[in-house]
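Hi everyone, thanks for coming.

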Amino acid sequence: MGAIDCGTNSIRLLIADLPDPSAGPSAPLVDVSRRMEIVRLGQGVDRTGRLAPEAIERTRVALADYAAEIDKAGVDRVRMCATSASRDASNAEDFRTMVERTLGVPPEVVTGDEEARLSFTGAVRGLPADAEPPYLVVDIGGGSTEFVVGTRSGGVGGAISVDIGCVRMTERHLHGDPPGPAEIAAAEADIAAAVDRALAAVPGREAATLVGLAGSVTTVVALAEGLREYDPSRIHHARVPYARVASVTGYLLGATREQRLAEPVMHPGRADVIGAGALVLRIIMERAGMPSVVASEHDILDGIAWSLA
């Protein structure tokens, strides 16, 4: 099966097989290929309300490469979900037409609630035994952040999507290199208000474990763990306390783009927005009263794949 997640900042591919039935109900998918490209589809959407032509073209190039790999692997079922940027854009039809021509199937522009539920499905399967339910799963994307509360056995108890992604917050507030105190304060106020709305809509403060998804979270965790290279096996299910998240966030917001790029775990396409992503994570932990976060490399991409099973 083939799953594609096209978000505001990145486009990702997962080609996977179902686990052997003998592996048990919590076994993860068997990866054949897992890829990610930074295409910044949501470039300028918060300001203009439109997808930039150059952003659509960057996405087309990456998608054509994915389509070739899908064809080579003989994949028989493909689902592509497009999230925040293509929900918000007035010219979303241009994007849809491009995808159909390139991939052969239309993109599903999922609602925020569906995005949240797919993220939850992908994240909670295979969580370690010390990750106590109920879970608050947060997926910090480029344009939005999804909050989902639930358990493995009972499923989703509540879900909401709010517009506080790392690209959106950077473009809206964090313009300096590094951003100044007033810019950071404005971003903090904006994020805190949205997080409080989300936690009022879903019972996030009642959760026992915070599970963090997507590149902002995994990059913060890699830095907090002191990794000298990005190693998904060491990041997946790592538990990081609030103090280390706060320390990394402070460092990232105080560093220049050049300094952030010099970090060996930093993807070049994430260096200019990682400060905002880290700030979203830090404020979620503060407002939800979470002492630590468990990182997951499995997220909406895995949820999309499981929906094809």
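Let's begin with Arg35, which is partly exposed, with a relative accessible area of 23%. By that I mean the middle class: buried is under 20% relative accessible area, exposed is over 50%, and partly exposed is in between, using a 1.4 Å probe and protein chains only. Before I go on, a word on the source: this is a predicted model, so local features need pLDDT of at least 70 and side-chain atom pairs count only at pLDDT 80 or more, while totals for chains, interfaces and linings use all residues. Residues are numbered from 1 along each chain as its sequence is written, and side-chain values use heavy atoms, with hydrogens and water left out.

Back to Arg35. Which residue does the side chain of Arg35 meet in a salt bridge? The partner is Glu69, at 2.6 Å from N to O. A salt bridge here is a side-chain nitrogen of Lys or Arg within 4 Å of a carboxyl oxygen of Asp or Glu. This pair links distant parts of the chain, with Arg35 in strand β3 (residues 30-38) and Glu69 in helix α2 (residues 53-73), 34 residues apart.

How many salt bridges does the rule give? The count comes to 19. Let me show you two others. Arg96 and Glu100 meet at 3.7 Å, N to O. Both lie in helix α4 (residues 92-103), four residues apart, which is about one turn of the helix. Arg96 is partly exposed at 32%, and Glu100 is partly exposed at 37%.

Then there is Arg172 with Asp190, where the closest N and O atoms are 2.9 Å apart. That pair again links distant parts of the chain, from helix α6 to helix α7, 18 residues apart. Arg172 is partly exposed at 33% relative accessibility, and Asp190 is partly exposed at 21%.

Now, the sheet. Six strands form an open sheet in the order β8-β7-β6-β9-β11-β10, and the pairing is mixed. Two strands pair if DSSP finds at least two bridges between them. At the edges you'll find β8 (155-162) and β10 (239-241), each pairing on one side only. From one strand to the next, the twist averages 25 degrees. Further in, β6 pairs with strand β9 (residues 209-213) in the parallel sense over five bridges; Val137, for instance, has Val211 in β9 as its bridge partner.

Helix α5 (residues 112-124) packs on this sheet, touching β6, β7, β8, β9 and β11, and its direction makes about 55 degrees with that of β7. Contact means heavy atoms within 4.5 Å; axes are lines fitted to C-alpha atoms, for helices over the stretch in contact, and angles run from 0 to 180 degrees between N-to-C directions. Helix α8 lies across β6, β9, β10 and β11, running at about 115 degrees to β11.

Stay with α8 for a moment. Of its 10 residues, 10 are buried, so α8 is largely enclosed by the rest of the structure. Among them are Val217, Val220 and Leu223. After α8 comes Gly226, whose phi is positive, near 70 degrees.

That brings us to the inside. The largest nonpolar core has 53 residues, and Leu136 and Phe147 touch the most other members. Such a core is a set of buried Ala, Val, Leu, Ile, Met, Phe, Trp, Tyr and Cys residues joined through side-chain atoms within 4.5 Å. Elements supplying at least two residues each include β6 (135-140), β7 (145-151) and α8 (215-224). Helix α12 gives the most, with 10 residues. There is also a second, separate core of 23 residues, including Ile11, Leu51, Ala89 and Met98.
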